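Subject: Structure for your reading

Dear colleague,

Please find below the structure that I am handing over to you. I would be grateful if you kept it open while reading the notes that come after it.

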Amino acid sequence: MVLNKDTAKKTAELLLQINAIKLKPENPFTWASGWQSPIYCDNRIILSYPIIRNYIREEMAKQVEELYGKPDVIAGVATGAIGIGMLVAEYLGLPFVYVRPEPKSHGRQNQIEGQLSANQNVVVIEDLISTGKSSLNAVKALKEAGANVKGMIAIFTYGFDVADKNFKTENIELHTLSDYPNLIQQASDTNYIKEQQLNTLLQWKSNPAVWKP
């Protein structure tokens, strides 16, 4: 859920400004899942814009403290949230680890990189939530390592029902700086998209798995 409406609006504005979120209703993207989508989100581009990455870092850090106080460790989900997770940890003066999708096949075969002890309180940082599967896979690895996962904060979520269900099933609290409704509202208010494009984006959101242009 979005914690602060003003932050959600500003974050959506910045993501559109730097084309971290691309809207192409007439020429859809194909996701790795096979879904066709009029929207594509690549929040890693934030790292290339110092002023914007600092804003995202500070807003995420504020929410960490507001929701959870000072955890023992900040964890980033590889690979998209390694950069922003490290920035949040640095801002808060906290240790940082990151979680791979699966253990390495060589060396020490780590899935979690960095120093993490059992019973430490951890807040997970993510860049993007779609179905939530990869994000919750990281949570599972942290729990198996003995961590106490307090919750997750992400930059953006599509707000899919399947993601809500997955997070509820795993009993993990999720907060995001912005989300799909705020993004679409911002894009419409600033004439970033036309009315027909808005209708397409709303139709896609209602049933993305079967949507066709």
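The notes below describe a sheet, the helices beside it and a group of aromatic residues.

Please bear in mind throughout that this is a predicted model.

I begin with the sheet. Six strands form an open sheet in the order β7-β6-β5-β8-β9-β10, and their pairing is mixed. For β10, pairing with strand β9 (residues 148-157) is in the parallel sense and runs over five bridges. Within this region, Ile153 has His175 in β10 as its bridge partner. Helix α1 (residues 5-17) lies across β9 and β10, and its direction makes an angle of about 55 degrees with β10.

How do the axes of helix α6 and helix α7 cross? Helix α6 (residues 180-189) and helix α7 (residues 195-206) have axes that come within 11 Å and cross at roughly 170 degrees. Angles over 145 degrees count as roughly antiparallel, and α6 and α7 are therefore roughly antiparallel to each other. On the α6 side the contact is made by Tyr180, Ile184 and Ser188, and on the α7 side by Leu198, Leu201, Leu202, Trp204 and Lys205. Sorted by class, the residues of this contact are six nonpolar, one polar and one charged.

Finally, I turn to the aromatic residues. The count of aromatic pairs comes to eleven. In one of them, the ring centres of Trp31 and Trp35 are 5.9 Å apart and the planes are at 25 degrees, so the pair is stacked. Trp31 and Trp35 are both buried. Trp31 also forms an aromatic pair with Trp204, which is edge-to-face, with 5.8 Å from centre to centre and 80 degrees between the planes. This pair links distant parts of the chain, since Trp31 is in the loop between β2 (29-30) and β3 (36-37) and Trp204 is in helix α7, 173 residues apart. Residues under 20% relative accessible area count as buried; Trp31 is therefore buried at 13%, and Trp204, at 0%, counts as buried too. Ring pairs join Trp31, Trp35, Phe156, Tyr158, Phe160, Tyr180 and Trp204 into a cluster.

Yours sincerely,
A colleague

How values were computed. Residues are numbered from 1 along each chain as its sequence is written. This is a predicted model: local features need pLDDT of at least 70, side-chain atom pairs count only at pLDDT 80 or more; totals for chains, interfaces and linings use all residues. Side-chain values use heavy atoms; hydrogens and water are left out. Axes are lines fitted to C-alpha atoms, for helices over the stretch in contact, and angles run from 0 to 180 degrees between N-to-C directions. Helices (H or I, at least four residues) and strands (E, at least two) are DSSP runs, numbered from the N terminus. Angles under 35 degrees count as roughly parallel, over 145 as roughly antiparallel, 65 to 115 as roughly perpendicular and the rest as oblique. Contact means heavy atoms within 4.5 Å. Ala, Val, Leu, Ile, Met, Phe, Trp, Tyr, Cys and Pro count as nonpolar, Asp, Glu, Lys and Arg as charged, and the others, Gly among them, as polar. Two strands pair if DSSP finds at least two bridges between them. Rings of Phe, Tyr and Trp (its six-membered ring) pair if their centres lie within 6.5 Å; planes under 30 degrees apart count as stacked, over 60 as edge-to-face and the rest as tilted. Buried means under 20% relative accessible area, exposed over 50%, partly exposed in between (1.4 Å probe, protein chains only).
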